[in-house]
Amino acid sequence: MSADSTLALLQRYYDLFNSGDRPTLLALLTDDVVHDINQGASEVGRDAFTQFLHRMDRCYREQVVKLVVFSNQDGSRGSAEFFIEGAYLNTDEGLPPATGQTYWLRVGAFFEIQNGKIARITNYYNLNEWLAAV
């Protein structure tokens, strides 16, 4: 895969995230995708990522804005920097009560690409900053 193909794949991933088209977004992932959750465990598999998205969609309304994507030369790894413009709609387990609080949060993400699909997603953001916002 080329660097340009990886850049296009990552752009498409975030476009689909913003549009809410979860089935098409999930089709961009390998069956055994690894998802490293910010300050949490790693989950393996498209089914686990699907459940993660269901929880996120229930608890949050988020849009990726000011997206910049990057790729290494051979397209096997990529990254993204962006802001999440969000609202906390329903209380997520272990977090403060949700009352519709809004937030603006800088996020970094890292990807591994295999055979034209996303094989690993690692997200990082400042949890303390998010907690202060909500």
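Mentor: Happy to! Keep in mind that this is a predicted model. Start with the sheet, which is open and has 6 strands in the order E2-E1-E6-E5-E4-E3, with mixed pairing. At its edges stand strand E2 (42-44) and E3; each has a single partner strand, so one side of each is left without a neighbour in the sheet. Going from one strand to the next, the twist averages 20 degrees.

Strand E1 (residues 29-36) pairs with E2 in the antiparallel sense, over 3 bridges. There you can find Val34 opposite Val44 in E2.

Next come the helices. H1 packs on the sheet and touches E1, E3, E4, E5 and E6, and its direction makes about 170 degrees with that of E3. H3 packs on the sheet as well, touching E1, E2, E3, E4 and E6; the angle between its direction and that of E1 is about 55 degrees.

These elements lead us to the largest pocket, which holds about 710 Å³ of space. It is lined by 30 residues, and the closest to its centre are Ile37, Phe52, Arg55, Met56 and Tyr125. Among the elements that give two or more residues to this lining are helix H1 (3-19), strand E5 (101-114) and helix H4 (127-133). H3 gives the most, with 5 residues. By residue type, the lining divides into 21 nonpolar, 5 polar and 4 charged.

Conventions
Residues numbered from 1 in each chain as written. Predicted model: local features only at pLDDT ≥ 70, side-chain atom pairs only at ≥ 80, totals over all residues. Heavy atoms only, no water. 1 Å grid on protein atoms, 1.4 Å probe; cavity = no way out; pocket = protein on both sides within 12 Å on 5 of 7 lines; lining within 4 Å. Points joined across faces, edges and corners; volume = space filled by probe spheres on them. Helix = DSSP H or I, 4+ residues; strand = E, 2+ residues; numbered from the N terminus. Nonpolar A, V, L, I, M, F, W, Y, C, P; charged D, E, K, R; others polar. Pairing = 2+ DSSP bridges. Axes fitted to C-alpha atoms, helices over the stretch in contact; angles between N-to-C directions. Contact = heavy atoms within 4.5 Å.
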